[in-house]
Amino acid sequence: MKENEFVVIPATEQHIKYAEQICDEMAESAKARGTGIARRSPEYIVQKMLEGKAVIALHEDGTWAGFCYIETWSHGTFVANSGLIVNPQYRNRGLARMIKKAVFELSRHKYPKAKIFGLTTGLAVMKINSELGYEPVTYSMLTQDEDFWKGCQSCVNYDILKMKERKNCMCTAMLWDPEEKAKEIERKMREADELKQKQDEERLSKVSRKQSLLERLEEKLRNSLKMIAMTSITIIKLLQN
């Protein structure tokens, strides 16, 4: 995926050299926001790259520009696109949207039956998620995998999460459910078919009404011609007499 001066591609072993920089920027970004998971280790980021579960954005000059990775939970039935980060010098250029779209497509390719979810406090990320088809949901609709929730322990709001008994927190939960999307597509197709059928029936009805009108006009014309013919014959006979 390429737009302007950036390219967003699946991360591989050739991008391992950026792992430390990515982790440092994740930590700085979380510190600046005052929320979110504080840090992932470079080893963890490298693992995601080697597993083909990450996308990286590069500037045309080769500079690291952004990153995001995939995590799976509940035996692959849930997928999270995590760790979205954009190099500060490339922010406000639409790069986050490109990265989110790329990692979403990678998730759909690798885990087509999985529910894709996210927890975020960022309005920009919520907007991008909405554009991709995510829906706001309650925490109960997310994975209940304990390992996932353990990942929140390094967040400054973890005490709030515990106090709320993991029912809600400062983050907004958003979910993309392939089954629901399939039902939505099926419903829209059914509605489109019903609308087409209705339009076809209306067209047929109009044609039928036009045909009926023409038939009545033709009948009147035939009757009129008969009357004219009969009148003409009568006049001719009278004249002959």
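What is the volume of the second largest pocket? The second largest pocket has a volume of about 170 Å³, a volume being the space filled by probe spheres set on grid points joined across faces, edges and corners. A pocket, on a 1 Å grid over the protein atoms alone, is an open set of points where a 1.4 Å probe fits, with protein on both sides within 12 Å along at least five of seven lines; lining residues have an atom within 4 Å of a point.

This is a predicted model, in which local features need pLDDT of at least 70 and side-chain atom pairs count only at pLDDT 80 or more, while totals for chains, interfaces and linings use all residues. Residues are numbered from 1 along each chain as its sequence is written, and side-chain values use heavy atoms, with hydrogens and water left out.

The lining of this pocket comprises Lys115, Glu135, Val137, Met141, Leu175, Asp177, Glu180, Lys181, Glu184 and Arg187. By class, seven of these residues are charged, three are nonpolar and none is polar (Ala, Val, Leu, Ile, Met, Phe, Trp, Tyr, Cys and Pro count as nonpolar, Asp, Glu, Lys and Arg as charged, and the others, Gly among them, as polar). Helix α7 (178–240) gives the most to the lining, with four residues; β7 and α7 each supply at least two. Helices (H or I, at least four residues) and strands (E, at least two) are DSSP runs, numbered from the N terminus.

Strands pair if DSSP finds at least two bridges between them. Strand β6 (residues 115–120) also pairs with β8 in the antiparallel sense, over five bridges. Ala173 of β8 is the bridge partner of Leu119 and also of Val137. Four of the five residues of β8 are buried, so this strand is largely enclosed by the rest of the structure. Buried means under 20% relative accessible area, exposed over 50%, and partly exposed in between (1.4 Å probe, protein chains only).

A nonpolar core is a set of buried Ala, Val, Leu, Ile, Met, Phe, Trp, Tyr and Cys residues joined through side-chain atoms within 4.5 Å. The largest core has 26 residues, and those with the most contacts inside it are Val8, Val55, Leu95, Ile99 and Tyr134. Helix α3 gives the most to this core, with seven residues. A second, separate core of 16 residues includes Ala11, Ile22, Cys23 and Phe67.

Charged contacts complete the picture. The whole structure holds 15 salt bridges, each a side-chain nitrogen of Lys or Arg within 4 Å of a carboxyl oxygen of Asp or Glu. In one of them, Glu71 meets Arg40, with the closest N and O atoms 3.2 Å apart. This pair links distant parts of the chain, 31 residues apart: Glu71 lies in strand β4 (residues 64–73), and Arg40 in the loop between α1 (19–33) and α2 (42–50). Glu71 is buried, with a relative accessible area of 4%. In another salt bridge, Glu146 and Arg166 have their closest N and O atoms 3.1 Å apart. Glu146 is partly exposed at 45%, and Arg166 is partly exposed at 24%.
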